[in-house]
Amino acid sequence: MKNRTISLETLLQEGRKFPPSDPFRRQANIQDPDIYQKAAADPEGYWARWARELDWMKPWDQVLEWNPPFAKWFVGGKINASVNCVDRHLSQRQNKVAILWEGETGDTRRFTYGELSEQVNRFANVLKKRGIQRGDRVAIYLPMIPEIVIACLACSRIGAVHSVVFGGFSADSLRDRILDAHAELLVTADFGWRRGKRLFLKQSADGALTQTPSIENVVVVAREGTPSKECPMKGGRDHWWHDEMGKVEASCPPEAIDAEEMLFTLYTSGTTGKPKGIVHTTGGYLTGVYATTKWVFDLKENDVFWCTADIGWVTGHSYVIYGPLANGATVVIYEGAPDWPEKDRFWKIIEKYKVTIFYTAPTAIRAFMKWGAQWVDRADLSSLRLLGSVGEPINPEAWIWYHHYIGKEKCPIVDTWWQTETGCILMTPLPGITTTKPGSATKPFPGIAAEVLNDSGERVEVGGGYVAITKPWPSMLRTLFNDDERYVKQYWSKWKGIYFAGDGVKRDEDGDFWFLGRVDDVLKLAGHRIGTMEVESAFVDHPAVAESAVVGRPHDIKGEAIVAFVTLREPAKPSPELIEELKEHVVKKIGSIARPEEILFTVDLPKTRSGKIMRRLLRDIAVGKALGDTTTLADPSVVEGLKRQYESIEAG
Ligand code: WTA
């Protein structure tokens with residue numbers, strides 16, 4: 001293979017730029033470089049043009065109503081998300097494949113738009129039959145199986161609000177999210193496959209359900225068609241999906257939903273111990289994901305689109321379900337792990353389904369790098385024409401590797417920055433226009449007003465600061481579920497009327513953005529978002545723990561890993577067994593994504609004189625940096641002692 005002998009060092013010539021190739025540019029959905037100025041000159045007109053590409057049941061009266069920080073888009077318009085993702089394709093794409101699904105064990109299922117329509121209609125009727133009405137919340141706790149898409153779209157059809165909880169979260173996490181959203185029905189599965197093991201989701205859900213009185217009915221998918229024996233069902237409350245689907249009509253008329261009615265809530269981590277329910281509404285969200293899917297991924301009729309994110313996270317909501325399906329695309333969904341049964345699974349899937357657009361996270365790319373290019377060579381990747389990256393900063397080494405070994409130097413890479421809160425991609429190259437640079441998410445999407453600001457809100461032309469969005473955009477979060485106050489405080493209080501994202505960023509001479517990671521206590525562990533306070537709460541929930549402080553340490557593959565400093569309660573004594581027990585405890589409380597990498601016992605935590613834990617110092621210790629200013633500490637010797645202790649562990 002070409003260039004196989006060239007080392008990464010040779011490939012990594014800092015400062016290289018990658019303009020779009022002529023063949024790509026000529027066929028791109030968006031080729032006009034003036035689009036940025038045009039959109040900025042009239043953002044409302046621009047977004048309204050996008051919205052008109054969707055099917056509306058009633059047109060809007062007003063594009064935007066902005067009472068900072070509360071936005072309403074397409075006011076007075078009526079629309080249904082399932083109609084836009086399914087029904088409107090039936091005339092032209094009845095027999096086009098909507099979903100190509102592969103289970104970890106190799107079983108496959110596919111749904112044409114016609115078949116997807118029937119499933120969505122039926123499940124919407126199941127929800128209705130089980131008492132779900134417009135505005136009610138439905139919790140969804142499923143593996144990556146087609147039913148997760150069907151359940152979300154069925155909710156949207158009747159105006160119910162879905163709240164998807166990642167299948168890797170614990171029973172406690174599920175319980176907290178159900179309680180906060182006051183969900184009335186839960187959709188789960190007997191199990192799902194992960195690395196050759198069954199994950200018994202219903203069993204885990206049962207742990208939550210003893211404490212969630214709002215849930216009246218549970219619908220359980222049988223992962224393999226026939227109910228698993230390890231799945232106890234509670235009479236009157238628990239119902240099998242396949243039984244329910246057979247008992248209802250195959251048609252359910254869609255509700256005409258107000259543009260500003262809630263489509264879903266999705267819980268994400270912030271700087272407190274309690275995850276917050278991000279609220280997305282229907283018209284604006286759909287407009288944002290529809291537009292970005294079409295331009296960022298240059299989506300065409302014959303593309304096969306594979307976003308590897310789990311639907312439990314926002315990337316799966318926007319770029320497995322709503323964005324691609326609103327565009328009438330064919331999406332690939334894979335249930336399991338990338339290294340199961342072998343480390344070439346993703347490449348085999350790309351070859352088998354002739355995937356043309358592949359969207360994954362830097363963590364995955366770094367793992368592929370470590371496993372080696374020989375796994376890539378086992379498959380034919382010639383169908384690929386565009387690659388994407390999302391979820392955390394991509395280091396130039398990983399970018400170059402992705403470009404060379406996966407893209408074979410012909411596929412543009414779109415490094416896309418966005419958040420659960422933003423609903424859709426906000427910063428990204430446009431693949432037919434933008435010259436890319438490894439490690440930079442380049443420019444705001446047309447119609448997005450982004451700036452770099454410093455602490456006092458002054459604009460930074462070239463240099464570092466915080467990313468800020470100065471105008472509302474259609475797919476922005478509208479509030480936090482039942483918590484307007486926290487919404488205002490969290491996002492709109494650093495600078496008045498300007499959205500504070502919580503990310504550090506640098507802008508270069510060309511105006512390109514380079515994201516540097518979070519500036520708050522939010523961690524990105526293998527691309528998954530977890531707050532340090534959540535992990536700390538899990539620690540102190542253990543009887544042996546008096547206090548804990550959690551920080552992130554850079555990790556070669558996962559981007560960040562958890563280091564925890566823990567003080568013990570008498571009579572508990574430090575021991576390797578206790579370290580293991582505490583790690584398991586955190587996993588049990590939150591889920592395995594939050595497993596601490598390292599735990600350090602200490603007699604004291606470094607605190608300011610006013611009693612605040614100085615995380616900055618702990619972070620310095622965890623990354624092995626020389627200690628910064630310790631003069632504000634109540635007892636500087638605490639930190640010195642900790643640092644020595646940490647270094648001796650690292651050395652030994
Ligand atoms: C980070 C995921 C750098 C960022 C879509 C953001 C990124 C947080 C990128 C949101 C990127 C996401 N480059 N950092 N391309 N994409 N992030 O809500 O810190 O799970 O604030 O949404 O991920 O994470 P969330």
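The protein chain has 22 helices and 31 strands; here, helices (H or I, at least four residues) and strands (E, at least two) are DSSP runs, numbered from the N terminus. Its radius of gyration is 24 Å, close to the 26 Å that the globule rule gives for 652 residues, so the chain is as compact as a globular protein of that length. That radius is taken over C-alpha atoms, and the globule rule is 2.2 Å times the number of residues to the power 0.38. Keep in mind that this is a predicted model: local features need pLDDT of at least 70, side-chain atom pairs count only at pLDDT 80 or more, and totals for chains, interfaces and linings use all residues. Residues are numbered from 1 along each chain as its sequence is written, and side-chain values use heavy atoms, with hydrogens and water left out.

**The chain overall**

- Taken along the principal axes, the C-alpha atoms of the protein chain fill a box of roughly 75 × 65 × 55 Å.
- Of the 652 residues, 61% count as buried (buried means under 20% relative accessible area, exposed over 50%, partly exposed in between, with a 1.4 Å probe and protein chains only).
- The accessible surface of the protein chain comes to about 24800 Å², and 51% of it belongs to carbon and sulfur atoms. Accessible areas come from the Shrake-Rupley method with a 1.4 Å probe; for residues, only the protein chains shown count as cover.
- Take the contacts between residues at least 6 apart in sequence: 71% of them join residues at least 24 apart. Contact means heavy atoms within 4.5 Å.

**Around the ligand**

- There are 17 residues around the ligand, and Thr416, Thr420, Asp503, Arg518 and Arg529 come nearest. To be near a molecule or strand, a residue needs one of its heavy atoms within 4 Å of it.
- By class, this shell has 6 nonpolar, 5 polar and 6 charged residues. Ala, Val, Leu, Ile, Met, Phe, Trp, Tyr, Cys and Pro count as nonpolar, Asp, Glu, Lys and Arg as charged, and the others, Gly among them, as polar.
- Three elements each supply at least two residues of the shell: α13 (314-326), β21 (413-416) and β26 (513-518).
- A backbone N or O atom of Thr416 sits 2.7 Å from a nitrogen atom of the ligand.
- Gln419 puts a polar side-chain atom 2.9 Å from an oxygen atom of the ligand, and Thr420 has a polar side-chain atom 2.5 Å from an oxygen atom of the ligand.
- On its own the ligand has 530 Å² of accessible area, and the protein covers 97% of that.

**A look at Thr420**

- You'll find Thr420 in the loop between β21 and β22 (450-453).
- Thr420 counts as buried because its relative accessibility is 9%.
- Setting aside residues up to four places away in sequence, Thr420 touches Leu266, Thr268, Ile278, His280, Val314 and Arg529.
- Thr420 and Leu477 are 57 residues apart in sequence, yet 8.2 Å apart in space, C-alpha to C-alpha.

- In helix α14 (residues 345-353), the buried residues are Arg345, Phe346, Trp347, Ile349, Ile350 and Tyr353.
- Just after α14 comes Lys354, with a positive phi of about 50°.
- Helix α15 (residues 362-371) is mostly covered, with 8 of its 10 residues buried.
- The buried residues of α15 get their cover from elements including α14, β19 (357-360), α16 (373-376), β20 (386-390), α17 (396-406) and β30 (559-568).
- Gly372 follows α15, and its phi is positive, near 105°.
- Thr363 belongs to helix α15 and, at 12% relative accessibility, counts as buried.
- Leaving out residues up to four places away in sequence, Thr363 touches Glu392, Ala526, Gly527, Ile557 and Lys558.

**Two other spots**

- Arg93 is in helix α6 (residues 90-93).
- The side chain of Arg93 makes a polar contact with the side chain of Glu301 (2.7 Å). A polar contact is a pair of N or O atoms within 3.5 Å; within protein, one must be able to donate a hydrogen and the other to accept it, and residues adjacent in sequence count only if both atoms are side-chain atoms.
- Pro576 is in helix α20 (residues 576-589) and is exposed, with a relative accessible area of 59%.
- Pro576 and Ile599 are 23 residues apart along the chain, with their C-alpha atoms separated by 9.8 Å.
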